[in-house]
Amino acid sequence: MPLTNVQTRDVEALLHPYTALHTLRDTGPLVLDHGKGVHVYDTHGKAYIEGMSGLWCAGLGFGDEELIAAAKQQLDRLPYYHLFGGKSMEPAIELAEKLKEIAPFEASKVFFTSSGSEANDTQVKLAWYYNNARGRPQKKKIISRVKAYHGVTIVAASLTGLPNNHRDFDLPVDRILHTDCPHAYRFAEPDEDDAAFTARIVANLRAMIEREGPETIAAFIAEPILGAGGVIVPPEGYYQAVQALLAEHDILFIDDEVINGFGRTGNWWGCETMGFTPDTISCAKQLTSAYAPLGAVMVGEEMYDAFVEESRKIGVFGHGFTYGGHPLGCALGVKAIEIYQKRGILERVRGLTPQFEARMQRIADHPLVGEVRGKGLIGGVELVSSKSTRAPFDPALAIGARCVANAQKHGAILRAVGDTVALCPPMIISASELDQLFDCLEAALKDTLADLPAGALSD
């Protein structure tokens, strides 16, 4: 089918992220025109349920009138300013106060960025700065995990534990380590239950710390539920064991809440859902419901005091971003948190969770599905060539991408993370819309099974 004019203009002008560039010129992009509620509409007027909230971020859906009004009001009043050199403005102050109020630990200060990648890059710089301030210049390594996703700037992409984020980008950089992915379905030994699997990978983490030397390790970073690595929910007890190990060796626990935060799992923060207390937090995405770019880092009083002393020694705290604390983003963050509170979004997520889980379990019986997993309104459906052996499909078949393409034909936008189909609908979704989303996914699975190459399924 020939490309439309707007598709042709796109392929001639844009470099698309996370896209198969070698096929895009033939297939063309899906060009969206407008959105309302949980739906987006393409340039032909076709409606799609946005089953991924865009990129895990538009938690309040599209066209929210209160958010739009807050944006217009702020643009009329002060469209831009910055926080450099002791300057400030009310939206940044108010949002920092609100974040401190809902923080799951004793947050002292909030540092604003433009994105989650910048927030996690900042986390590494602050950990290094903090340890220099404490007279521990060797304590600089950061431990991340296989299949983690922490962003795409040079250091954040190094923290990310996905091969295609490293290949031919000359990553990861030095000082970044990766420990086991806490995914029992994929990485447990045949005779291991969750408890044995957890004990083994925590022992591996301990061995890594002892091998590297705890005096060289600054921090461990984790998403409570791993998002772009495949919506992976670690086993019960995993984080409690990890936190105790980190405390034993004076290693900071950095909590990446970029996807998990602001109600997605049924609590304000994923760490509350998963049962641990971090030392610092990164957040972004649903912070503004994606109506403007904004990220944030929250730190405790001890870290802040160290920053003050380094500033005294050096003469300045030499870190910041032009758009960090942008008044438009901060005004939208204030309004988004207000909406989450007054509309009972956390309670709404909790109320829809049983329906979400029931539909996921129904999908689990499909011949292509090896495992379903998730918490709240985030889930992953892992497709396998064999239910009995858990063998994955040949990556060249791109089964996950095929399934997502089929879902799009049926009117739902989902995301393939390898051969895991991810779901992360706007938290305003209704019960009937949630059923429609799963109906589209079930139809897509049926189509994918029907089109499967001969011999691809071994069960």
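In the predicted model, Arg-359 forms a salt bridge with Asp-435, with 2.8 Å between the closest N and O atoms. Arg-359 lies in helix H14 (residues 345-363) and Asp-435 in helix H16 (residues 431-450), so the contact ties together parts that are 76 residues apart in sequence. Arg-359 has a relative accessibility of 7% and counts as buried, because the cut-off for this class is under 20%. Asp-435, at 30% relative accessible area, is partly exposed.

Arg-359 also meets the side chain of Glu-442 in a salt bridge, at an N to O distance of 3.4 Å. This pair likewise links distant parts of the chain, with Glu-442 in helix H16 and Arg-359 in helix H14, 83 residues apart. Glu-442 is partly exposed, with a relative accessibility of 23%.

A further salt bridge joins the side chains of Glu-371 and Arg-373, with an N to O distance of 2.6 Å. Both residues of this pair, Glu-371 and Arg-373, are buried. Elsewhere, salt bridges link Asp-64, Glu-66, Lys-335, Glu-338, Lys-342 and Arg-343 into a network. Over the whole structure, the search finds 22 salt bridges.

Charged residues outside such pairs were also examined. A patch of negative charge on the surface is formed by Asp-279, Glu-301, Glu-302 and Asp-305. Of these residues, Glu-301 is found in helix H12, which spans residues 301-314.

Technical notes. Residues are numbered from 1 along each chain as its sequence is written. This is a predicted model: local features need pLDDT of at least 70, side-chain atom pairs count only at pLDDT 80 or more; totals for chains, interfaces and linings use all residues. Side-chain values use heavy atoms; hydrogens and water are left out. Patches are made of residues with over 30% relative accessible area and no salt bridge: like charges are joined within 9 Å, nonpolar side chains (Val, Leu, Ile, Met, Phe, Trp, Tyr) within 5 Å. Accessible areas come from the Shrake-Rupley method with a 1.4 Å probe; for residues, only the protein chains shown count as cover. A salt bridge is a side-chain nitrogen of Lys or Arg within 4 Å of a carboxyl oxygen of Asp or Glu. Lys and Arg count as positive and Asp and Glu as negative; His and the chain ends are not counted. The place of a charge is taken as NZ of Lys, CZ of Arg, CG of Asp or CD of Glu. Helices (H or I, at least four residues) and strands (E, at least two) are DSSP runs, numbered from the N terminus. Buried means under 20% relative accessible area, exposed over 50%, partly exposed in between (1.4 Å probe, protein chains only).
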